[in-house]
Amino acid sequence: MSTSTTTQPAVKMVTLTINDQSVTVPKGTTVLQAALGAGIHIPTFCWHPKLKSVGACRICYVEIEKMPKLQVSCATEATDGMVVKTESDIVKRGRKAVLEFILANHPLDCPTCDKGGECDLQNLTFAHGLDDSRFDFLKRRHIVPGVPSTFDDLRIGPEIMLNRNRCILCYKCVRSNKEAFGEYDIGAFERGNAMEINAAPGEQVANPFSGNLVEICPVGALTNSDWRYKIRVWLTQTTPSIDIFNSSGSNILFYKEDHKNRIFRTISRRNDEIDDGWITDVARYGYQLVHSPDRLQKPLMKKGSKQVPVEWEEAVAFVARRLAEIDDTKGCVCIGGLASPTLDLDSLHSFSKFMRKVIGTNNLDFRIDYRSLPEKPDSAFSTLSSQPFTIAEIDTSDVIFVFGSDLVKEHPNEYLRIRKARNFGRPLVYSVNSFNVKSADVADREFIYAPGTEEVFINGLCLAAIEENPGLSGADGLKRKISPADLNSAAKTCGVSAEDLKALARTLINGKKISFIVGDQVSLSRDREVIAAALCNLNRLVGITSRGQMAALARYADSIGAEKLGLIPNPHPDVKRALTDLWGGFPEMAGYHTEGMFSQMLKGELDAMVILGANPVAMYPDHEAVAETFEKLDFLVVADLFETETTAMADVVLPLASWTEFAGRYVNLEGRIQKAERAIKPLYESKPAYAILADIAAAARKPLFSSAREREEEIEKVLACTTVRPWPGDYLDVRPPAIDKDPAYPIMLIIGDDPHHRCYVTEKAASLVKFCSDAYIELSPELAEKFKVEDGDAVRVESKYGKLMAPVKVSRVLEGDVVFLPRNFSVTRANSLVSRKARIDWVRINKVSG
Amino acid sequence: MILNKESVALMQKKASQYPRRKSGILPALTIAYRQVGHLNDQIYREIAKAINVPYVEVAEAATFYTMFPKQPTGKYLIQVCHNISCALLGADSLVEYLEQKLGIKKGETTKDNLFTLISVECLGSCATAPMMQINMDYYENLTRAKVDKILEELRAKA
Ligand code: SF4
Ligand code: FES
Ligand code: FES
């Protein structure tokens, strides 16, 4: 018996000859990939590196010795001793014949086609000099009924236009949609000459990954309204950047035009370690908010009761003076700051230094979400959220456990990754949550625990593991620390049967490589400390991280960056030490975190706030209370891209530059530092946050850094500290707190992002608004039946804290007494329903008649 | 609901017999066709729900098979083979004769809603060409006299 579980079985290699070149590849590689790997180009249409081969287009023909006919290289496995030719006469003739076939019905309308200049078909046809056709019958032509268009374009989604005449039926769009994204809104219909791609009858192609279909279409059959007919591709320049709407940091490429100082589109910049070349629609169309007419153009200052535009000098001098005044009269403990975790490292570190060194306060935070922070500082949860996690490790995991996460909304890249693992391997995947989620479609089984019983469920897993394997170390010690301490009552409380818990525990014990993802239902829970403690116990008991990875994943583009730079009152001790060394000191006070600052404000003990790129009035729980809290402030300065509910209350509003307008670095959930280059010059008078802070500090005669170089060196030093917190040395107490429930509010409310939106800013991206323009109440078919409502009917949702009205969307995934409400819209504010103190948001709903 | 309980139960039973649910789509389409006489988007939706497969995959399979009519037809759907063997043995004139006898053009339905006439590709019965299929039955080695008799019998049955 092998003692080690980590050694990989040796991969067999095969050696073949391609165009007289000897090539050695692992067994199972296709001839195409062997050739591409050796730098030999073979044309393809239907092959895609991340999809299964289908051999539909035949353009990748090669000649293989001892095989009577040409072979499609994308679907032929390379074997030992194979002799392959990719450019022989017969191959060229074959390719030419295939092209002639493909072009039989093609309209050859390149001059008016938006794909012109970047079309695989155009390039290949050009290369093979096909300027005539032997077919003399009429081409098959798809005419859109009732649409008098010369181009016969059909709108099949909010963003996607389809020209069926140009389609070469490579099926890449349909395949990626089903295989890679698990979406079923596009299909291939009819057969033979009549075959066509189209949206599912009566539906729209509107899934959260739909933009990828356009990107991978090798011809001009699929185009998107975002880009089409606005500019020719050869007139643009490109800038590498990253997706800042997502904590994975997908790699993207902007197409921009320098003279116009405008971005025209986003495509993926494939990074196999992160995104596999798939990006979400939010990443693709989100850039549009940069060019929104609503951008703040100039600094605003409150004069009398109105905010009026002023020059930067005036605004900056005023901010510096007011902060100094408050510092003098009340002390720096009365000043606090919030910075968005989507800001770049330079800005975040400048913020930290500005607050701590220039002002001298330790009231600062970056965590503002749709649930409030627990009052006590985290311990177990800090451990859990600081654990290393590598996205690509999902590919080779044999057990994937998704706990408390609506993965498609929270971590779309990781969802696609799990799909891929399922398509190409045989991992066991479990989705465990308190409500049904779309991402469970990649799971072998979905388990639903009772609302607010996360820690009971995890306790149950521990107890089940002990029953399965009584030899597990410290089992008795653990039992004393948790309640309930017997499997059956834990099972009863959490609603997952003891048998199921045991089966799950078995897979965790036996898994060779585990990826355990912890999501928002834990990270944003009031009781996240208790749940995290339970998870620490589980890890201690069965040793998940000794055979894989387990972490509460970061949610924003630079959350990890903010964490590593110490943007919380109690940073990791190493970070604190590094900062103290660099600055020759650190504020003495303990400092308040987000929730603490708000309580202080309410008590009138915090008088001034500096806010960078955040909108707590609209995003933080309990809308009215937050607004009231902010009214108490003496002085509020906010930098943002747009006017928001928070800027409306500010004394000074400063126009912030977006991530496209300066070069910035961001740390993704894996701790990977990535750079977004500057694509365009800052629009209007906007400035990056680090520049704004430097200006204010200079006006206060306390310069932040002597040079950009110094700033960078400081960041380097702080980032060099490891912020992974060690697992606790013993089992932790896990005593589940009581769950408050009032029978008058029987339905559980889930708040989150609509799949086409992120936070409060994407409302300014026109394309994303086409997918979803305002809040809705997504409810289970059971509830729809109970309240006799259909799609579009208005319902009133009421919690103890507030109420709102929104149209109904009958869910395809939710079951039971659960409703989902997106938090992204300024008209319908989800945070008005949420309490600051409760663990679960309970609501009741009523149909609004009429 | 267009599909009745029996159809749904049968579809579910058939689908459960395959290792992959998706394989249940074709039997389900046949069952629906037998019950309704044609297929449409609404039926695809009901099938998708009944056997728990994506709606678009039901629609894809249904449209791939031209043998399933997508519009209501007459009680008898006459499908004359027009492929090579049948064509050589007079399929064209057979269609003409049927058009004349029924008083409709190919693709149309008689006023009394009894007959719909279409021509189709090879039905795999070349050895007995010319031939046609009416609903689920084959009629082979056709002559005009035989056609007269067949139509008469069907009318009588209707
Ligand atoms: S629309 Fe484009 S991607 Fe889809 S099958 Fe046609 S050519 Fe391929
Ligand atoms: S690329 Fe190989 S058949 Fe299409
Ligand atoms: S050609 Fe008519 S049945 Fe085959």
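Visitor: Which residues in H2(B) meet which residues in H4(B)?

Guide: Ile25(B), Leu26(B) and Leu29(B) in H2(B) meet Glu57(B), Val58(B), Ala61(B) and Ala62(B) in H4(B). Two residues are in contact if their C-beta atoms, placed from the backbone, lie within 7 Å. This is a predicted model, with local features needing pLDDT of at least 70 and side-chain atom pairs counting only at pLDDT 80 or more, while totals for chains, interfaces and linings use all residues. Residues are numbered from 1 along each chain as its sequence is written, and chains are lettered from A and ligands numbered from 1 in the order in which they are written.

Visitor: What makes H2(B) roughly perpendicular to H4(B)?

Guide: The axes of H2(B), residues 25-36, and H4(B), residues 55-64, cross at roughly 70 degrees and come within 10 Å. That makes the pair roughly perpendicular, a label for 65 to 115 degrees (under 35 is roughly parallel, over 145 roughly antiparallel, the rest oblique). Axes are lines fitted to C-alpha atoms, for helices over the stretch in contact, with angles from 0 to 180 degrees between N-to-C directions. Helices are DSSP runs (H or I, at least four residues), as are strands (E, at least two), numbered from the N terminus.

Visitor: How many residues of that H2(B) and H4(B) contact are nonpolar, polar or charged?

Guide: Six are nonpolar, none is polar and one is charged. Here Ala, Val, Leu, Ile, Met, Phe, Trp, Tyr, Cys and Pro count as nonpolar, Asp, Glu, Lys and Arg as charged, and the others, Gly among them, as polar.

Visitor: Why is H4(B) called largely enclosed?

Guide: Eight of its ten residues are buried, so H4(B) is largely enclosed by the rest of the structure. Those buried residues include Tyr55(B), Val58(B) and Thr63(B). They pack against strand S8 (186-189) of chain A, together with H2 and helix H3 (41-51) of chain B.

Visitor: Which element of chain B gives the most to the side that touches chain A?

Guide: H4(B) again, with seven residues. The contact takes nine residues from chain B and ten from chain A. On the chain B side, five are nonpolar, one is polar and three are charged.

Visitor: How do you know that Val8(B) is buried?

Guide: Val8(B) counts as buried because it has 20 C-beta neighbours inside 10 Å. Val8(B) lies in helix H1 (residues 5-16) of chain B. Its C-alpha atom is separated by 7.7 Å from that of Ile47(B), 39 residues apart along the chain. Not counting residues up to four places away in sequence, Val8(B) touches Leu3(B) and Ala50(B).

Visitor: Which residues have the most contacts inside the largest nonpolar core?

Guide: That core has 289 residues, and those with the most contacts inside it include Leu461(A), Val518(A), Ile47(B) and Val58(B). A nonpolar core is a set of buried Ala, Val, Leu, Ile, Met, Phe, Trp, Tyr and Cys residues joined through C-beta atoms within 7 Å. Helix H17 (residues 528-542) of chain A gives the most to this core, with ten residues. A second, separate core of 17 residues includes Ile78(B) and Leu98(B).

Visitor: What is Val58(B) in contact with?

Guide: Leaving aside neighbours within four places in sequence, Val58(B) is in contact with Ile25(B), Tyr44(B), Ile47(B), Ala48(B) and Val53(B).

Visitor: How many helices and strands does chain B have?

Guide: Chain B has seven helices and four strands. Buried residues make up 33% of its 158 residues.

Definitions and conventions
Buried ≥ 20, exposed ≤ 12 C-beta atoms within 10 Å, placed from the backbone.
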